[in-house]
Amino acid sequence: MKRNINYYFLGFSSALIVFGMLFLANLSAPESLQFFGNTNYYLFHQFYALLIGLALGVIAFKVPIRFIKKVAPFLLFANLILLILVFMPFFGVKFLGAKRWVNLFGIVVQPSEFFKVTSILYLSAWLSEKFSESQKKGIIQRARDSYENFIKAFLPFLILLLVSSTILLFQKDLGTLGIIIASLIAIYFAAGTPLWHTIITVIGGIAGGLIFIRIEPYRVHRFLVFLNPETDPLGIGFQLRQSLLAVGSGGIFGKGWGLSIQKFGLPQAMSDSVFAIFAEETGLIGCFILISLFILFFWQGIQIAKKSNDKFSKMASVGIMTWLITQAFMNIASNVGLFPLTGIPLPFFSYGGSHLITEMISIGILLNISKNT
């Protein structure tokens, strides 16, 4: 029987990728010219990452889903090694006060970006096996809140969250940690586990986040700036203030493609603040189109999850879509003052090879799942 992929999902994904590359070509030109003497330096690097991502995405689309499930633990283990290498001499690369990158024979990658997808695949594979075993024994139906359920499901889940939190906090990457935790909680909930497990995890995550903010002075300062953008307008509040000016100056129709003024002075304009520049150039109309694309992309991804014919595929789809849409709207919200600045990229738009590659892999996995429904 011939099986078709979800072409709507493919269409919305392709639109976001093409739209993102075109916008980055426009946005990166001045900085490329300033630092490297040509207007295409950053674009070429992003295009190179796109080609790698396409190749890996095709592989993720072609290989059997059961093979992805089988190798998920090995992928997670390899990723954990890379995360540890970040702290090792000769491998770790420090940028803007944080060690989040590793240099592998001249290629710099950010392991935490790959950890988003490997942790999702691992937890989905592990829970799908536990779910099947529990169903055979009648545990899920007869003793959802039993001691055995707690030991076999909830405790290992908490250990995975603890390991993730420890490594990423040492890398001072609270934003990425928040996205990973949200994705893993969504998978755990989708597995049909007791609701009180999820509630406790969410409460614990919020409490932990507040504690982690409190123990780092720069995070406290950033949070205070979020509450009052006028605080320290020339210091830590500068980026948020300039982002708000960019968004506000775009008006309804924007200043026009390539006519942003703020991109010449806004910190991290190609990564953290890309949405602010997009809003300045395309206005409210452009923002509405972009957000609508993300919503339609998410909707079709959830349709893939709903139609999945096995537990692993369903949970992996839920985790991937939670990751991508949470990251997108956290980035957008932080640019308009609705969420503290976190430094996470806007999917498909922000400059950065590692996150683009993992996004392409995730699209390949979801299209693979969709053809098997």
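Predicted model: local features only at pLDDT ≥ 70, side-chain atom pairs only at ≥ 80, totals over all residues.
Trainee: Let me begin with charges: how many salt bridges does the structure hold?

Mentor: The count comes to five salt bridges, and one of them joins the side chains of arginine 100 and aspartate 173, with 3.9 Å from N to O. This pair links distant parts of the chain, since arginine 100 belongs to strand β2 (residues 98-104) while aspartate 173 sits in the loop between α6 (147-170) and α7 (174-190), 73 residues apart.

Trainee: Which residue meets lysine 255 in a salt bridge, and which parts of the chain does the pair tie together?

Mentor: The side chain of lysine 255 meets that of glutamate 280 at 2.9 Å, N to O. Lysine 255 lies in the loop between α10 (238-249) and α11 (274-307), whereas glutamate 280 lies in helix α11, so the bridge ties together parts that are 25 residues apart in sequence. As for accessibility, lysine 255 is partly exposed, with a relative accessible area of 33%, while glutamate 280 is buried at 0%.

Trainee: Which residue meets glutamate 281 in a salt bridge?

Mentor: Glutamate 281 forms a salt bridge with lysine 263, the N to O distance being 3.8 Å. Glutamate 281 is in helix α11 and lysine 263 is in the loop between α10 and α11, so this pair ties together parts that are 18 residues apart in sequence. Glutamate 281 is buried, with a relative accessible area of 2%, and lysine 263 is buried as well, at 11%.

Trainee: How do the helices α10 and α11 pack, and what is the angle?

Mentor: Their axes are 6 Å apart and the packing angle is about 25°. Because angles under 35 degrees count as roughly parallel, α10 is described as roughly parallel to α11. The handedness is a separate reading: α10 passes α11 in a left-handed crossing.

Trainee: Turning to rings, how many aromatic pairs does the structure hold?

Mentor: There are 16 aromatic pairs. In one of them, the rings of phenylalanine 23 and phenylalanine 278 have centres 5.2 Å apart and planes at 70°, so the pair is edge-to-face. Phenylalanine 23 is in helix α1 (residues 7-36) and phenylalanine 278 is in helix α11, so that the pair links distant parts of the chain, 255 residues apart. Both phenylalanine 23 and phenylalanine 278 are buried.

Trainee: What is the geometry of the pair formed by tyrosine 41 and tyrosine 42?

Mentor: Tyrosine 41 and tyrosine 42 also form an edge-to-face aromatic pair, with 5.5 Å centre to centre and 85° between the planes. Tyrosine 41 is partly exposed, with a relative accessible area of 26%, whereas tyrosine 42 is buried at 11%.

Trainee: Which residues do ring pairs link into a cluster?

Mentor: The cluster consists of Phe19, Phe23, Trp257, Phe278 and Phe349, linked by ring pairs. A ring can also have a charge over it, as where the charged end of lysine 371 sits over the ring of phenylalanine 61, 4.2 Å from its centre.

Trainee: Which residues other than glycine have a positive phi?

Mentor: As background, most residues other than glycine have a negative phi. Among those with a positive value is lysine 172, whose phi is near 55°. Lysine 172 lies in the loop between α6 and α7, and at 34% relative accessibility lysine 172 counts as partly exposed. Another is phenylalanine 348, with phi near 75°, found in the loop between α12 (311-335) and α13 (353-371). Phenylalanine 348 is buried, with a relative accessible area of 2%.

Trainee: Finally, where does phenylalanine 95 lie, and what separates its C-alpha atom from that of isoleucine 107?

Mentor: Phenylalanine 95 lies in strand β1 (residues 92-95) and is partly exposed, with a relative accessible area of 45%. The C-alpha atoms of phenylalanine 95 and isoleucine 107 are separated by 15 Å, the two residues being 12 residues apart along the chain.

Key:
Residues numbered from 1 in each chain as written. Heavy atoms only, no water. Salt bridge = Lys/Arg side-chain N within 4 Å of Asp/Glu carboxyl O. Helix = DSSP H or I, 4+ residues; strand = E, 2+ residues; numbered from the N terminus. Buried < 20%, exposed > 50% of the residue type's maximum accessible area, 1.4 Å probe, protein only. Phe/Tyr/Trp six-rings, centres within 6.5 Å; stacked < 30°, edge-to-face > 60°. Lys NZ or Arg CZ within 6 Å of the ring centre and 35° of its normal. Axes fitted to C-alpha atoms, helices over the stretch in contact; angles between N-to-C directions. Parallel < 35°, antiparallel > 145°, perpendicular 65-115°, else oblique. Left-handed = near helix turned anticlockwise from the far one by under 90°.
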